[in-house]
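Trainee: Could we go through this model together? I would like to talk about how its parts pack.

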Amino acid sequence: MSKPLNVGVIGCGFMGRTHTNAYKKVYSFFKPPFKPVLKAICDTNADKANAFAETWGFESVETDWRKLLARKDIDIVDICTPNNTHKELAIAAAEAGKMIICEKPLAMNTAEGQEMVAAVEKAGVPNLVSFNYRRVPAVTLAKNLIDSGRLGRIFHYRSVFLQDWTISSDLPQGGDSLWRLDVKVAGSGVTGDLLAHCIDTAIWLNGPIKSVTAMTETFIKQRKHTQTGKVEEVGIDDACAFMARFANGSLAVFESTRYARGHKALYTFEINGEKASIAWDLHDLHRLSYFDHRDESIVRGWRSIHVTDGDMPYMKHWWVPGLQIGYEHSFVHQVADFLEGVDKKQPVGPTFRDALETQKVCDAILASAKTGQWVEVG
Ligand code: SOE
């Protein structure tokens, strides 16, 4: 029998739902060493928290996170609130001795991230940042193929994350659903929100990023703020493109925007090695494209691997070969791996320290965009 582990989720927005769903499913499909119990949901808005508790089956509701952290019956604190709250909540949770899962990006900037890393490492608590795309089975397969040496020396990494939901100049900034447009709450625009995903995957697959040169643009310079009712300057980057050099000598090109009309969440990457290449696309997330130059020339070509067989990462826990899974499952895998790590007393990535590397790259991008110069990471 798995031991119960009590979870307190802070924030009941989009991410509160993805994480809660993962806690609900993980035991049935993965039988991890611990069985998550939805002990408490915490949100400053009591009506929202009560409704969330009823919908998802939380045992109790808190409206003050300090009360949640003071509770002896909470083991894991899961931070699903906007970026400007991560530091305070995570440091307090670490001081209270809680295990922590925190939404991405780790922090508003590197300085905040460093304090958070120091706090969790001092407290010795298991910690993880929710860069969920690592745990899409096709992405994990890409990692396994690269680590096995199949691609050989890596020359190129290219990645995009394209959306189109902020094109209207009537869209306000700030508040519950539009805080990503408010720089005081989000810290940055697409760099911290979308490129952070691309960077986390890139570092995981291809090693550290050494230096970057970037350009950013804010296409709509002023938007009404939902909380003040006033038209205010927009401080986020609406779009960002950057080039990078990895420590292994490979070159990279990254692009992200919320102004790519027609694209809702087009996250792709392609990696070109000496012997083989791989490519992945979030809109077709259960497939990995693979080209191997060692194939006999008359059948050589890009193949599309349907990542559903039981010997593919995570897949034996789901249905039968040929039946695919989707976005929500990456969060289930994240919790499954975290709970295994807790049992084995082994850190599971991306830890806060891993996520700090991504934060450093984001800071270097934003610094480079100001000067137009190449910037060394960290
Ligand atoms: C923004 O629209 C967003 O929801 C990000 O915040 C998520 O991290 C990304 O996975 C999808 O897009």
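This is a predicted model: local features need pLDDT of at least 70, side-chain atom pairs count only at pLDDT 80 or more; totals for chains, interfaces and linings use all residues.

Trainee: At what angle do the axes of H1 and H9 cross?

Mentor: The axes of helix H1 (residues 14-30) and helix H9 (residues 327-344) cross at roughly 65° and come within 8 Å. Angles of 65 to 115 degrees count as roughly perpendicular, and H1 and H9 are therefore described as roughly perpendicular to each other.

Trainee: And which residues in H1 meet H9?

Mentor: Among them are Thr18, Ala22, Tyr23, Val26, Phe29 and Phe30 in H1, and the residues they meet in H9 include Phe331, Val332 and Val335.

Trainee: Changing topic, what does the domain assignment give?

Mentor: It gives domain 1 (3-131) and domain 2 (134-376), whose C-alpha centres lie 23 Å apart. Their contact takes 37 residues from domain 1 and 37 residues from domain 2.

Trainee: Which element gives the largest share of the side of domain 1 that touches domain 2?

Mentor: That is H1, with nine residues.

Trainee: What about the largest nonpolar core, how many residues has it?

Mentor: The largest nonpolar core has 105 residues, and those with the most contacts inside it are Ile100, Ala142, Leu195, Val212 and Ile365. Helix H8 (residues 190-206) gives the most to this core, with ten residues, and the core draws at least three residues from each of domain 1 and domain 2.

Trainee: Which residues does Leu195 touch?

Mentor: Leaving out residues up to four places away in sequence, Leu195 touches Phe161, Val190, Cys240, Phe254, Ser256 and Cys362. A second, separate core of five residues includes Leu181, Ala186, Val234 and Ile236.

Methods
Residues are numbered from 1 along each chain as its sequence is written. A nonpolar core is a set of buried Ala, Val, Leu, Ile, Met, Phe, Trp, Tyr and Cys residues joined through C-beta atoms within 7 Å. A residue is buried if 20 or more other C-beta atoms lie within 10 Å of its own, exposed if 12 or fewer, and partly exposed in between; C-beta atoms are placed from the backbone. Helices (H or I, at least four residues) and strands (E, at least two) are DSSP runs, numbered from the N terminus. Domain bounds come from an automatic or database domain assignment. Two residues are in contact if their C-beta atoms, placed from the backbone, lie within 7 Å. Axes are lines fitted to C-alpha atoms, for helices over the stretch in contact, and angles run from 0 to 180 degrees between N-to-C directions. Angles under 35 degrees count as roughly parallel, over 145 as roughly antiparallel, 65 to 115 as roughly perpendicular and the rest as oblique.
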